[in-house]
Every structure is written in C-alpha cells, then in structure tokens.
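Dear colleague,

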Amino acid sequence: MLWAAITSTAGAETLTATVEQWGLLGSWAVDCAVRPDRDKGALLTYEIRKDGRVMYRRNFGEAKDENEVVSAQVSAEGLLNVMVYFPSLHQAREFGLLLAKDGSLRAIYNRSDRGEYTIRNGKYVATGAPTPAQQRCD
C-alpha cells in the first residue's frame, strides 16, 4: 500500500514538473482579446491544483468543462504529448503540442483512445485546415 502511494506521488510530481518546465501552464487562446465562444474560439487553461493534480479547463463561453491531465511526456522533437481524461466523453484523448520560438502554442495531433484523429500533422482531419497558433493570455 505504501509503495502505491509513493509511486502515485512520484508520478504526480513528474507530471507537474513536466508541464511546468515545458511551459504549458496558464491560459491560451487564438485571440486573447475575444471573449470565449464556441464559434470564435475557446480559452484553454492548464493549472496545478493544491492537491497536485494537473487540470485542463475549456471555456467556450456558454459551455465550460474541467478535465484531469493524466500524463505528459516530452518527445525527442520537443513535442509535449498530453493525455487528458474527459469524463463527459467517457474517454481519454491524447494530443501533441508544439511550443514555437515566439511563445505560441499549436496542436499537432489530437486523437481518441481508440486512435481516431481530429487533428493530424498539424491539420484538422475534417477540413485539412492547419491548426491555429494560440497565444498565452495571462
């Protein structure tokens, strides 16, 4: 039992250190001056709670949710691979984020735990349009 508690705490410390060191924490939007709206853009926030959990909040204006980041690892190319559990969807989603030299953030991929992509190679699967750069809003 003690081993499980130590392992869990060590994993949480690694997760928090990864997101902090990589630069993910804070709020992000395509345009920070625009109020969150489903059609005009969301405000996405990553934070560490007092209990050590890393949370991912999405604000679409009328709709908001909060989901737990369950893992985050940096690839050799510098991509942050994040796994978030979405209780409302009954699934975990993995997405890869790239932090550009200008400080902007861009989604490179987003897939379900069944391997279904909504974003692949930096483009929306449905339209082929490139994902927009997001700016830090805080």
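This is a predicted model: local features need pLDDT of at least 70, side-chain atom pairs count only at pLDDT 80 or more; totals for chains, interfaces and linings use all residues.

Residues are numbered from 1 along each chain as its sequence is written, and side-chain values use heavy atoms, with hydrogens and water left out.

To begin with the sheet, 10 strands form an open arrangement in the order S9-S8-S7-S6-S5-S4-S3-S2-S1-S10, with antiparallel pairing. Strands here, like helices, are DSSP runs numbered from the N terminus (helices are H or I with at least four residues, strands are E with at least two), and two strands pair if DSSP finds at least two bridges between them. At the edges are strand S9 (123–124) and strand S10 (135–136), each of which pairs on one side only. Strand S1 (residues 26–29) pairs with strand S2 (residues 43–48) over 3 bridges in the antiparallel sense, and within this pairing Trp28 stands opposite Leu44 in S2. S1 also pairs with S10, again antiparallel, over 2 bridges, where Ala29 is placed opposite Gln135. Further along, strand S7 (residues 105–112) and strand S8 (residues 117–120) are joined in the antiparallel sense over 2 bridges, and Ile119 in S8 is the bridge partner of Asn110.

The largest nonpolar core has 22 residues, and those with the most contacts inside it are Leu24, Tyr56, Val82 and Leu97. Such a core is a set of buried Ala, Val, Leu, Ile, Met, Phe, Trp, Tyr and Cys residues joined through side-chain atoms within 4.5 Å, where buried means under 20% relative accessible area, exposed over 50%, and partly exposed in between (1.4 Å probe, protein chains only). Among the elements that give two or more residues to this core are helix H1 (2–22), strand S3 (54–59) and strand S4 (64–74), while S5 gives the most, with 4 residues. Leu97 touches, among others, Trp22, Leu24, Tyr46, Val82 and Leu105, not counting residues up to four places away in sequence; contact here means heavy atoms within 4.5 Å.

Two loop residues deserve a look. Most residues other than glycine have a negative phi. His90, in the loop between S5 and S6, has a positive phi of about 55° although it is not a glycine, and at 67% relative accessibility His90 counts as exposed. Asn121, in the loop between S8 and S9, likewise has a positive phi of about 55° and is exposed at 66% relative accessibility.

Finally, a search of the whole structure finds 8 salt bridges, a salt bridge being a side-chain nitrogen of Lys or Arg within 4 Å of a carboxyl oxygen of Asp or Glu. In one of them Glu47 joins Arg57, with the closest N and O atoms 2.8 Å apart; Glu47 lies in strand S2 and Arg57 in strand S3, 10 residues apart. In another, the side chains of Arg111 and Glu94 meet at 2.9 Å, N to O. Arg111 lies in strand S7 and Glu94 in strand S6, so this pair ties together parts that are 17 residues apart in sequence. Arg111 is partly exposed at 24%, whereas Glu94 is buried at 18%. Salt bridges that share partners also join Glu47, Arg49, Arg57 and Glu66 into one network.

With best wishes
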